[in-house]
Protein chains: 4
Amino acid sequence: MSEPTMTTIEMTALDTLEVRRRARPLPGPSEVVVDIKSVGICGSDAAYLHHGRIGDWVVYGPFVLGHEAAGVVSAIGEDVSPELLRGRVAIEPGTPCRTCSQCIEGRYHLCPDLAFLATPPYSGALSEQIAIPADQVHLIPDSMSFDEAALVEPASVGLWACRRVSLSPGEAVLVTGAGPVGILAGLVARSLGASRIVISDPSPIRRSIAASRGLHAVEPGSETDPPDAAVKTFDVLIECSGSEQALQSGLRLVGPAGRVGLVGMPQQDYLAIPVTALIPREISLFTVNRYAHTWSTVIELIADGRVPTDGLVTHHFDLDQSPQAFAAQQHDPNAMKVMIHA
Amino acid sequence: MSEPTMTTIEMTALDTLEVRRRARPLPGPSEVVVDIKSVGICGSDAAYLHHGRIGDWVVYGPFVLGHEAAGVVSAIGEDVSPELLRGRVAIEPGTPCRTCSQCIEGRYHLCPDLAFLATPPYSGALSEQIAIPADQVHLIPDSMSFDEAALVEPASVGLWACRRVSLSPGEAVLVTGAGPVGILAGLVARSLGASRIVISDPSPIRRSIAASRGLHAVEPGSETDPPDAAVKTFDVLIECSGSEQALQSGLRLVGPAGRVGLVGMPQQDYLAIPVTALIPREISLFTVNRYAHTWSTVIELIADGRVPTDGLVTHHFDLDQSPQAFAAQQHDPNAMKVMIHA
Amino acid sequence: MSEPTMTTIEMTALDTLEVRRRARPLPGPSEVVVDIKSVGICGSDAAYLHHGRIGDWVVYGPFVLGHEAAGVVSAIGEDVSPELLRGRVAIEPGTPCRTCSQCIEGRYHLCPDLAFLATPPYSGALSEQIAIPADQVHLIPDSMSFDEAALVEPASVGLWACRRVSLSPGEAVLVTGAGPVGILAGLVARSLGASRIVISDPSPIRRSIAASRGLHAVEPGSETDPPDAAVKTFDVLIECSGSEQALQSGLRLVGPAGRVGLVGMPQQDYLAIPVTALIPREISLFTVNRYAHTWSTVIELIADGRVPTDGLVTHHFDLDQSPQAFAAQQHDPNAMKVMIHA
Amino acid sequence: MSEPTMTTIEMTALDTLEVRRRARPLPGPSEVVVDIKSVGICGSDAAYLHHGRIGDWVVYGPFVLGHEAAGVVSAIGEDVSPELLRGRVAIEPGTPCRTCSQCIEGRYHLCPDLAFLATPPYSGALSEQIAIPADQVHLIPDSMSFDEAALVEPASVGLWACRRVSLSPGEAVLVTGAGPVGILAGLVARSLGASRIVISDPSPIRRSIAASRGLHAVEPGSETDPPDAAVKTFDVLIECSGSEQALQSGLRLVGPAGRVGLVGMPQQDYLAIPVTALIPREISLFTVNRYAHTWSTVIELIADGRVPTDGLVTHHFDLDQSPQAFAAQQHDPNAMKVMIHA
């Protein structure tokens with residue numbers, strides 16, 4: 001830590017990551033510096049790298065990816081509680097303004113000035129260190145690994161989806177898409193008392209990983225097998241694939257008064273939604289934009305095993321192997337969550 | 001009442017209504033017979049008459065239209081409280097089974113066996129009399145006209161939409177479509193404490209009627225005028241037109257954490273919905289299927305003037321003029337609510 | 001089953017249970033006959049036996065106790081689905097009218113005509129057989145024991161308490177009173193994602209049983225130990241002892257915006273509640289009256305081990321040993337749940 | 001305004017108010033200075049003056065009363081939007097920290113560091129001018145008087161009570177206590193669609209004022225007259241008197257699943273509450289601590305006449321007549337709201 005510079009991974013052009021040396025950050029008065037230990041690659045990181053944009057967020061100039069991050073606090077600002085120093089932490093990546101109407105209403109994730117790691121123009125966590133407001137780091141128990149701590153972010157999406165749809169204990173849940181977010185959403189739903197949970201995905205590898213965590217994983221089209229099942233519908237659909245077809249298929253299986261969480265960001269601007277068929281069942285659709293107020297709950301659910309994450313991290317790379325990490329995430333069919341270690 | 005037969009209006013083919021004589025109904029043990037005084041024509045009545053179907057509901061054989069109805073109880077079954085006899089009543093048209101899981105959960109409007117007036121295979125109210133379970137009639141105050149009582153049905157749609165979107169006092173509401181349901185939804189929203197209420201419709205006549213009831217009525221495209229308005233978004237959108245374009249335009253004007261009630265039944269099976277644009281604002285879409293638990297509340301809101309309905313009924317016809325009534329509803333640009341009197 | 005009579009246990013006077021022979025029941029058209037296998041003794045059964053009343057419910061004449069019951073369907077009425085025959089079932093003891101305003105709103109447990117087993121004037125389940133409406137029995141999986149099925153009733157109280165207080169995942173919960181309902185409430189809360197769960201009781205035996213099920217059980221007064229604990233308050237208090245002192249002590253430990261479920265029925269008519277101290281924290285108090293809509297959820301939570309009930313049943317007696325069973329429930333300090341087997 | 005000093009009213013001892021000259025305030029960077037026009041006397045102001053404390057809040061040293069205030073912005077700090085300058089405003093008296101867990105959850109009124117006007121150690125508004133964070137002032141329409149703007153504070157208590165009890169349109173509401181808060185709570189409830197609203201108070205003068213605003217005002221004991229009324233219970237009780245007897249009487253009139261808002265701060269530390277009688281009806285009790293997120297809604301409801309406040313202000317005094325104003329509030333039986341004008 002004595003060197004004045006550190007390694008940072010910069011996206012310098014589409015599909016181009018470069019290893020750079022940059023000045024180490026110093027903490028502002030209410031900030032901490034975190035020595036990054038684990039950063040998971042998210043689909044949004046890959047989208048920025050390969051397409052340069054997600055909706056209205058466009059990458060300009062050199063850009064640092066990574067927002068699923070955990071590490072150790074190595075320095076604190078003058079206004080920060082000393083007990084954070086040397087703390088092992090999971091990082092909540094979105095810093096709100098705290099004064100706009102959304103923040104005041106308790107919906108800080110909808111703050112128009114949210115500064116979110118690896119969302120333009122804000123740099124991400126693929127660095128040896130980052131500085132971030134102290135309110136954004138959450139202490140984790142000693143028993144929790146940094147990889148698990150990095151998974152708090154995608155699991156938070158799952159928890160927030162469950163909250164958005166007002167999941168009640170005993171409800172039957174269909175999750176479409178068995179990527180990390182889908183599997184974690186299914187595991188979180190179970191830890192909240194959901195009853196029958198089915199997760200569908202065309203990939204046998206993904207189904208296999210989901211099944212190894214105890215979820216009932218099926219091919220799309222088999223969600224209500226066996227054909228003589230007593231109940232053929234779900235109370236809740238959590239759509240995590242971004243696929244219009246998965247959404248349309250899933251909606252057919254939602255029963256009266258059912259609720260749908262729209263988590264997966266579609267590629268296209270518009271989705272064809274069968275409103276005419278949804279009205280008689282009075283189905284509700286809830287878009288899901290990240291999360292709020294989830295970190296401490298998810299840390300606890302993962303730490304005590306109610307949300308078992310082992311097996312979800314399939315690949316590990318060092319920070320300067322980040323290009324290979326993104327390649328694995330993109331091309332290796334066995335990749336579930338790819339983790340980079342600084 | 002001494003004659004054994006009565007007049008009923010039957011739809012005998014597409015676009016064909018015939019005046020028939022039919023046996024007067026007798027009340028079952030838990031039923032009442034209502035002498036019909038006012039029946040409003042709904043868009044769904046017109047859809048059955050002109051197209052023979054709405055979604056999966058298909059008209060087979062002679063069919064009686066009309067479900068916005070009010071009248072006087074002229075006979076009661078043996079298990080019915082005598083205080084209903086000669087009572088002036090508004091009719092709630094959907095009779096649930098009371099034992100299925102939806103009914104037990106309090107969502108009787110989603111009962112799969114709901115027997116709803118003028119929804120195949122159930123006959124409607126365009127008759128001198130109908131028999132209906134006593135639980136389906138609601139006494140109205142003496143000060144309330146039968147026309148107002150018939151408007152309780154479309155106003156109930158408005159109240160239910162407000163409940164579905166969890167309308168809070170002080171919220172800004174946009175209503176798209178200034179037909180009877182849209183105007184009543186706007187009036188109900190105001191009676192529940194909504195703040196800024198804007199209703200948009202391309203028809204100047206409809207805007208004029210909405211404005212006469214105190215609503216701020218605008219052309220589509222002018223919902224957020226003047227251009228220097230401090231707030232450019234709405235908390236709630238209640239879509240009452242069934243138009244994809246109105247929905248898409250309206251969605252652009254919904255702010256963060258906004259909620260949308262989908263009331264208007266679209267002509268087409270699928271609507272193109274900009275999910276990608278809704279996720280960042282975390283907008284929620286609630287389909288609205290009729291109503292439940294609304295009658296007594298709406299009766300009170302209309303009776304004491306909090307929902308002022310005068311001016312909404314633009315045309316009156318006798319029962320045997322029903323063909324002319326439907327023609328007016330279809331062709332007269334000045335028609336808002338057309339009322340038929342038995 | 002060929003004999004025309006069967007054994008029934010009748011309370012014939014205060015503190016007096018007698019073994020009687022009574023005619024076997026026949027199922028009504030929509031009823032089933034259940035061969036009773038397990039009946040748990042509830043505090044309310046003991047209260048009727050020893051005091052003859054609970055509030056306004058007063059025992060007149062011979063009375064059959066027992067409402068936590070499970071068994072096998074041995075006969076069905078003509079309107080009952082044949083798949084129930086020979087089904088292993090947990091019995092939901094309260095039969096609602098389905099037509100009053102409470103039932104229609106989905107709150108059937110508040111039905112003024114609720115016919116509840118072992119609540120005067122309705123007989124209970126301490127018999128070889130009982131007849132009950134088919135809607136009141138819920139099939140259980142083969143893996144579930146009848147004792148577990150009988151525990152669905154007290155666990156339902158726990159689930160309903162969690163719902164009444166709108167328990168959210170991640171919340172800290174204090175349960176006062178480690179009887180069966182308290183322990184089950186704590187276990188259910190954990191299965192719904194609650195975070196820190198503490199249960200307090202003066203009895204070391206009860207604490208020991210609670211601890212064996214994985215709950216953090218403490219003496220009253222030690223709920224927030226260790227003294228250096230970061231958080232000294234709970235989000236939710238579930239009061240299961242009926243003790244004014246436990247309630248008052250517990251209320252001191254509830255944080256801002258905290259919610260309290262009042263489950264334990266007090267001996268006295270009035271409790272002294274520190275409203276002046278609750279207002280600044282804006283605490284909410286929810287009385288809890290049994291349950292509604294809980295059976296299928298609780299069956300699933302117990303069946304798959306998320307609510308682990310082993311160890312809760314401490315005593316077993318045959319039906320004709322019912323007097324000894326009640327004596328054990330009353331006098332044996334080791335008694336948690338006493339189960340009677342017909 | 002050119003003078004460097006201004007008039008302030010200081011409470012210098014129990015029952016002692018003195019007129020003092022103090023330095024005019026200067027706005028901090030994010031503050032405004034408001035020229036006070038109207039300040040309503042609240043029961044809590046009187047309690048501080050006469051008893052020196054409310055619960056744990058104790059007056060030490062010279063203290064300025066008054067928190068129901070309105071005026072004109074006469075100076076702004078460097079970070080404040082210029083459009084506030086010369087704005088006519090209603091003042092929201094509680095300034096939260098915006099960073100604690102309560103603030104982040106959207107419950108800023110429960111912020112442990114809330115700086116509330118005229119709550120020790122924070123000075124109040126009985127001055128020619130005060131400085132306050134700009135976020136705490138809300139612009140009012142030109143048509144709204146300063147007296148009405150000062151009434152936004154007590155009306156906010158009423159709105160928040162309605163929200164705390166989740167008042168639904170069509171519900172029957174009983175308000176106990178026809179002081180300003182009770183009357184405003186009843187008027188707000190009506191503006192939110194409540195149905196039957198009854199307000200009870202022993203004072204004929206207070207009942208008369210309530211009745212003049214259109215509320216059904218009765219003596220305690222006559223809440224459900226006439227004796228043949230169809231419905232004898234209320235869905236919601238809003239207790240605004242602080243009287244144990246009023247609460248106990250009111251609770252008898254609350255129906256199944258009823259909700260109670262506890263607004264009135266009792267004199268005594270404990271209230272005797274009939275929990276045993278509340279459990280069968282499963283009644284919920286919500287303490288009400290001021291308000292949050294109410295100002296803009298209440299401004300609108302008052303400004304457009306949905307909450308008609310004329311007649312509520314019964315007495316007017318100049319700032320240096322503050323002692324007389326408090327005497328009138330304490331002794332004049334005709335006093336409803338006493339307003340002081342700087």
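Guide: A polar contact is a pair of N or O atoms within 3.5 Å; within protein, one atom must be able to donate a hydrogen and the other to accept it, and residues adjacent in sequence count only if both atoms are side-chain atoms. This is a predicted model, where local features need pLDDT of at least 70 and side-chain atom pairs count only at pLDDT 80 or more, while totals for chains, interfaces and linings use all residues. Side-chain values use heavy atoms, leaving out hydrogens and water.

Visitor: What makes the side chains of D:Ser200 and D:Glu223 a polar contact?

Guide: Their distance is 3.4 Å, and the cut-off is within 3.5 Å, so the pair qualifies.

Visitor: Why is D:Ser200 called buried?

Guide: Buried means under 20% relative accessible area, exposed over 50%, and partly exposed in between, using a 1.4 Å probe and protein chains only. D:Ser200 has 4% relative accessibility, so it counts as buried.

Visitor: Where does D:Ser200 sit, and which residues is it in contact with, leaving aside neighbours within four places in sequence?

Guide: D:Ser200 belongs to strand β13 (residues 197–200) of chain D. Strands (E, at least two residues) and helices (H or I, at least four) are DSSP runs, numbered from the N terminus. Contact means heavy atoms within 4.5 Å, and the partners of D:Ser200 include D:Leu174, D:Val218, D:Pro220 and D:Glu223.

Visitor: How do you know that β13 and β14 of chain A pair?

Guide: Two strands pair if DSSP finds at least two bridges between them. Here three bridges join β13(A) to β14(A), and the strands run parallel. In one of the bridges, A:Ile199 has A:Ala217 as its partner.

Visitor: What about β6 and β7 of chain C: parallel or antiparallel?

Guide: Antiparallel, over three bridges, with C:Val72 opposite C:Arg88. On to β11(C): β7(C) is joined to that strand by three bridges, also in the antiparallel sense, and C:Val89 stands opposite C:Leu139.

Visitor: Which strands are the edges of the twelve-stranded open sheet?

Guide: β14 (216–218) of chain A and β14 (216–218) of chain B, since each pairs on one side only. The order is β14(A)-β13(A)-β12(A)-β15(A)-β16(A)-β18(A)-β18(B)-β16(B)-β15(B)-β12(B)-β13(B)-β14(B), with mixed pairing. From one strand to the next, the twist averages 20°.

Visitor: What makes β16(A) largely enclosed?

Guide: Eight of its nine residues are buried, so the rest of the structure largely encloses β16(A). Five bridges join β15(A) to β16(A) in parallel, and A:Glu239 stands opposite A:Leu262. Helix α6 (residues 244–252) of chain A lies across β12, β15, β16 and β18 of chain A, at about 155° to β16(A). For that angle, axes are lines fitted to C-alpha atoms, for helices over the stretch in contact, and angles run from 0 to 180 degrees between N-to-C directions.

Visitor: What is meant by a nonpolar core?

Guide: A set of buried Ala, Val, Leu, Ile, Met, Phe, Trp, Tyr and Cys residues joined through side-chain atoms within 4.5 Å. The largest has 110 residues, and B:Ile238 is among those with the most contacts inside it. A second, separate core of 109 residues includes C:Ala90 and D:Ala210.

Key:
Residues numbered from 1 in each chain as written. Chains lettered and ligands numbered in written order.
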